[in-house]
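Colleague: I would like to learn how to read a structure like this one. Could you take me through some features, one at a time?

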Amino acid sequence: MRYLVLTALVVRIGIALATSTFFQPDEYYQSLEVAHHLVFGYGQLTWEWLAPKPIRSIVYPALNVPIYWILKALDLDETSALIWGPKVLHGALAACTDIWLARLTRAVAGERYVDAALMFSFTSLFHGLSLSRSISNSAETALTTVALSYFPWETNVRRWRGDLWKALVFAALACAIRPTNAVIWIYMFAYLLWALRQRGNDVAYTIASAICVGASILLVVVVLDSVYYGGLTLTPINFLLTNASSVSLFYGRSPWHYYLSQAIPILATTALPWVLHGAYTTASLLTAGPLRALLGLITWTISVYSLAGHKEWRFLHPLLPLMHVLASKSYVDSAGRGKRFPGRRLLALLSIPAIIYVTVFHGRAQISVMHYLRSLPPEDSLSIGFLMPCHSTPWQAYLHRRDLVDDGMLWALGCEPPLQGQDVTIYQDQTDIFYKSPLEYLANRFPERVDPAFPPSPFPRSAPGLQTDASYPWKHEWPQNLVFFGALLEEPGIKDVLLRRGYREVWSAEYGWEGDDRRKGGVRVWRYT
């Protein structure tokens, strides 16, 4: 056990510290940026935090607050510890997934399957990409794995009631971070109550325990959020209501089979053959048991999540450890029946080069540019504007420049959703308007000449959470530095406009392949000279 704990911590914290690429905006804007704003008093809060009915709980970002407070108290916030401090924390949280996966596998499948499950976990491409990052889905994955490992799969053992309380606490914490995690526990406790159906006292005990723990954690969430927002705030309800509205479709609509045809293959990657075979053999078992329940949980959760229009791979991340349990059954059982095929372990290890690529190279420029900007002396960074899709880079949690607190001096294009019920199929945000015609945007919303004093832009981006009938009168001043993807220079007339205004390229970086046309060409910094 000690060896596993040490290995998991070394691997996950090592991946976290090595990760220097951009994956999801939520890694920063729903986590680090919020904590940075709380501790240091500045940073960018998105509409989720500023809407009349905010949908985000402070619980998850608050995990980073002690680190920032310590760095601030020790006057170390200007050092690189501001970046790697949270990485160590989230790497340690990620290690919990591996550590408790061993316990979960042992409980539902048996000791002989543990090593194979851990092999799939440590070599998982999606774990390598996402698990050690500061994304709520990653913490949700760890907490769900811990909770399921304590879940009383067998209720005939003496300790099942004690394990139930542990499972309830971690399940409630997972729901506090991601309210949609409740879908998992609706199934699991229905399964438990059915198993206890002939034991009335145990049914009553289970229901009472669930109510007690759930109400306690909910009360803590409401108190913390109400203190943070300055008034009674029910973020879990706001979250569910907002995601049930058309607002969620603003971020994309996917077909009903998205999770089956895209998400599961992407999450499982090289483990997919064993996941599918393990699911098949488990479904073929003649007697019900923990493994059948695990497969039922996966099926139930995917079915419910598929009802939503907006879908993302990471929403299924909490199910990936369960898939690794199924894969381990196939891997071990097929070897035991002499059905080995040459290179099967090599196939499982093929994901390692891909993990290196997605953590070290793909999207690296979007992180590197923030390190570059942070290193600039004040006289070379009086103002900075980002002409790129919204939230394409980290913000003050990486930049940490108090002299750029003013939104008019450090700005990026906005992408506020249709919060007033506008038709999502025709609604356009600021980023859409800009990319519809970049040249027209620059001509109409920037002055003819650059003011060398670089005054703040009067209205550079949409106001997060603002509800108004008026169209946004975005107006900019030319900043000292412009940051954009190289693809923007391919737009007709853009390069000539910048050169005529006196801008020249001072920094650029490009790593690997990029599929989004708007984000091709690496990241460029042009400065007024």
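Modeller: We will go through a helix, a strand, some aromatic rings and some charged pairs. Keep in mind that this is a predicted model.

Colleague: Is H8 enclosed or open?

Modeller: An α-helix has 3.6 residues a turn, so residues three or four places apart point the same way. Now check burial around H8. Of its 15 residues, 15 are buried, so H8 is largely enclosed by the rest of the structure.

Colleague: Now a strand. How do I read the two faces of E3?

Modeller: In a regular strand the side chains alternate between the two faces of the sheet. In E3, Asn481, Val483 and Phe485 lie on one side. Leu482 and Phe484 lie on the other. Both faces are covered, and these residues are all buried. With five of five residues buried, strand E3 (residues 481-485) is largely enclosed by the rest of the structure.

Colleague: Which strands pair with E3, and in what sense?

Modeller: Strand E1 (residues 384-386) runs parallel to E3, joined by three bridges. Gly385 has Leu482 in E3 as its bridge partner. Strand E5 (residues 523-528) pairs with E3 in the antiparallel sense, over five bridges. There, Phe485 stands opposite Val523 in E5.

Colleague: On to the rings. How many aromatic pairs does the structure hold?

Modeller: A pair of aromatic rings is described by the distance of the centres and the angle of the planes. The structure holds 31 aromatic pairs. Take Tyr28 and Tyr398: the ring centres are 5.6 Å apart and the planes are at 90°, so this pair is edge-to-face.

Colleague: Where in the chain do Tyr28 and Tyr398 lie?

Modeller: Tyr28 is in helix H2 (residues 26-40) and Tyr398 is in helix H20 (residues 396-399). The pair therefore ties together parts that are 370 residues apart in sequence. Tyr28 counts as buried at 1% relative accessibility. Tyr398 is buried too, with a relative accessible area of 6%.

Colleague: What does a tilted pair look like here?

Modeller: Phe151 and Tyr191 form one, at 6.4 Å centre to centre with 35° between the planes. Phe151 is in the loop between H8 and helix H9, and Tyr191 is in helix H10 (residues 182-195). The two are 40 residues apart, and the pair links distant parts of the chain. Phe151 is buried at 3% relative accessible area, while Tyr191 is partly exposed at 24%.

Colleague: Which residues form an aromatic cluster?

Modeller: One cluster includes Trp411, Phe434, Tyr435, Trp474 and Tyr528.

Colleague: Which charged residues lie over a ring?

Modeller: Arg197 has its charged end over the ring of Trp194, 4.1 Å from the ring centre. Arg364 lies over the face of Tyr511, at 5.4 Å from the ring centre.

Colleague: Now charge pairs. How many salt bridges does a search of the whole structure find?

Modeller: Side chains of opposite charge can pair when their charged atoms come close. The search finds 19 salt bridges. In one of them, the side chains of Asp98 and Arg12 meet at 2.7 Å, N to O. Asp98 is in helix H5 (residues 81-108) and Arg12 is in helix H1 (residues 2-18), so the pair ties together parts that are 86 residues apart in sequence. Asp98 is buried, at 0%. Arg12 also counts as buried, at 0%.

Colleague: What about Arg103 and Asp163?

Modeller: Their side chains meet in a salt bridge too, at 3.9 Å, N to O. Arg103 lies in helix H5 and Asp163 in helix H9, so parts 60 residues apart in sequence are tied together. Arg103 is partly exposed, at 29%. Asp163 counts as buried, at 9%.

Colleague: Which residues are linked in a network of salt bridges?

Modeller: Asp26, Arg56, Glu312 and Arg314. Arg314 and Glu312 are both buried.

Methods. Residues are numbered from 1 along each chain as its sequence is written. This is a predicted model: local features need pLDDT of at least 70, side-chain atom pairs count only at pLDDT 80 or more; totals for chains, interfaces and linings use all residues. Side-chain values use heavy atoms; hydrogens and water are left out. Buried means under 20% relative accessible area, exposed over 50%, partly exposed in between (1.4 Å probe, protein chains only). Helices (H or I, at least four residues) and strands (E, at least two) are DSSP runs, numbered from the N terminus. Two strands pair if DSSP finds at least two bridges between them. Rings of Phe, Tyr and Trp (its six-membered ring) pair if their centres lie within 6.5 Å; planes under 30 degrees apart count as stacked, over 60 as edge-to-face and the rest as tilted. A charge sits over a ring if NZ of Lys or CZ of Arg is within 6 Å of the ring centre and within 35 degrees of the ring normal. A salt bridge is a side-chain nitrogen of Lys or Arg within 4 Å of a carboxyl oxygen of Asp or Glu.
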